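Below are my notes on the model, as numbered points. Please read them alongside the sequence and the coordinates.

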Amino acid sequence: MKIAFLTGSQYLYGEETLKAVEKDSEIICGELDANAPRVEIVYKGTVKTENDALNAVKEINYDDEIAGVMVWCHTFSPAKMWINALKILLKPLLHLHTQFNERLPYAEIDMDFMNLNQSAHGDREFGYILNRLRINHTTVVGYYKEPDVMEKINKWADFTVAEAFSKQLKIARFGDNMREVAVTEGDKVEANIKFGWTTDYFAVGDLAEEINAVTDAEKEALFTEYTDKYLLNTSDAEAVKEQAKYEIALRRFLNRGGYRAFTTNFQDLYGLKQLPGLAVQRLSASGYGFGAEGDWKTAALVAVFKKMGEKRKGVSVFMEDYTYDLKRGEELVLGSHMLEVDPQAAKTKPKIEVHPLGIGGKEAPARLVFDGIEGAATATSLIDTGLGFKLITAEIELVSQPEKMPKLPLGRLMWRVKPNFKDGVRAWLNAGGAHHTVVSTALDAEDIETFALANGAQFEHIG
Ligand code: MN
């Protein structure tokens, strides 16, 4: 994807100054592009008139390759000429407040220099009009060669790529919401308007039909891949092969319809022998968003977070707060799910095991079992408040489990809540945060806040 770079100026200062604006902008843009490994930053010219601004924004809006736009004012650029363009801008905007020169040339500085190098002046005018028009945007301040400035630009660029992805995201729901559960519900029309998410329902029979169409040869080939990649810790190969069929069928079904996220519901599995476990884990690890029990909001958020972190270190996975170790002062959360924990969060080589579930009344499902990764992370919940959406992000520290849990046949994570268990969890409960979350070691609270605010959602940060 690309980021468009626009420079603000005007005709007031004459040809020589405008030539310098052009040249300096190309240098800055080239430097930024060279340090943006995950996107291409393209100079789209200097805006000197209302028409320049309008034409640039029209092009940016309709070029699917452009994920966002950066604006910097080298000189003063009267902001009335930006109004009509900004009013029709459909993509994320970053206001880069930088300067071509790092130091003041004290011995040489004259009025020509002052006319050319006045972003301190021009960017205040631009910031005012963004404020006045109430345009959501990100502001980055500092000399453009500083690594922390570049880091903020790169983080924002990842957000723009995820935002473009979100605006076209389709979620397939096999079955509806788990009966009687409140927090996994929500206004799908509003989510479509705000986040761009289309959520389509499918009867699980549609999936069953797809599963029945999987050939034995396809099933056997995928089973071989499983045994190459994981430790087979069961004698029940047939149960594992059943999940291989589910994986092939799900992938086929989702790809055919352009779905990058999906949900299942263990109360609605007519025509399936097992709850999809291993199959869901494998799809999660290859980039699909997943939410259990019909939780389309979390499924979508997992997909968007995976996209935002796609080219970073770290992972984003579907997770559920399950149970606690309440040892005073060292409280820990044990997070997992019935089966569907993303093996991207595995610290150990996953083992394939087959165990009964205890609920749902189906055959014993195959799943990947592993201990979780460690390190700083965020846990984010997306809820429908009835007045709109809210993202709640908690700072957590993933830790190694203090003791082995040999009888727990699940992938699992354990973490410490920040700033401490009682305050962190109380804040989460008071905010209305759900039990389903996206745990991410790739995204920080700033990334998530940017996404929330850009989509008209509230944001709460706990930590
Ligand atoms: Mn759940």
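1. Five strands form an open sheet in the order β2-β1-β3-β4-β5, with parallel pairing. The edges are held by β2 (40-47) and β5 (138-141), each with a single partner strand, so one side of each has no neighbour in the sheet. Neighbouring strands are turned by 25 degrees against each other on average, direction ignored. Strands here are DSSP E runs of at least two residues, helices are H or I runs of at least four, and both are numbered from the N terminus. Two strands pair if DSSP finds at least two bridges between them.

2. This is a predicted model, in which local features need pLDDT of at least 70 and side-chain atom pairs count only at pLDDT 80 or more, while totals for chains, interfaces and linings use all residues. Residues are numbered from 1 along each chain as its sequence is written, and side-chain values use heavy atoms, with hydrogens and water left out.

3. Strand β1 (residues 2-8) runs parallel to β2 and is joined to it by six bridges. F5 has Y43 as its bridge partner in β2.

4. Helix α6 (residues 147-166) lies across β1, β2, β3 (66-73), β4 (93-97) and β5, at about 145 degrees to β3. Axes are lines fitted to C-alpha atoms, for helices over the stretch in contact, and angles run from 0 to 180 degrees between N-to-C directions. Contact means heavy atoms within 4.5 Å.

5. N154 lies in α6 and is buried, with a relative accessible area of 8%. Buried means under 20% relative accessible area, exposed over 50%, and partly exposed in between (1.4 Å probe, protein chains only). The N154 side chain reaches the backbone oxygen of N35 at 3.0 Å. Leaving out residues up to four places away in sequence, N154 touches N35, A36, P37 and R38.

6. The largest nonpolar core has 114 residues, and I41, W197 and L391 have the most contacts inside it. Domain 1 (2-166) and domain 2 (170-462) both give residues to this core, so it lies between them; the bounds come from an automatic or database domain assignment. A nonpolar core is a set of buried Ala, Val, Leu, Ile, Met, Phe, Trp, Tyr and Cys residues joined through side-chain atoms within 4.5 Å. A second, separate core of 23 residues includes A53, L89, L93 and L130.

7. S336 is found in strand β12 (residues 332-336) and counts as buried at 2% relative accessibility. Its side chain reaches the backbone oxygen of G411 at 2.6 Å.

Key: A polar contact is a pair of N or O atoms within 3.5 Å; within protein, one must be able to donate a hydrogen and the other to accept it, and residues adjacent in sequence count only if both atoms are side-chain atoms.
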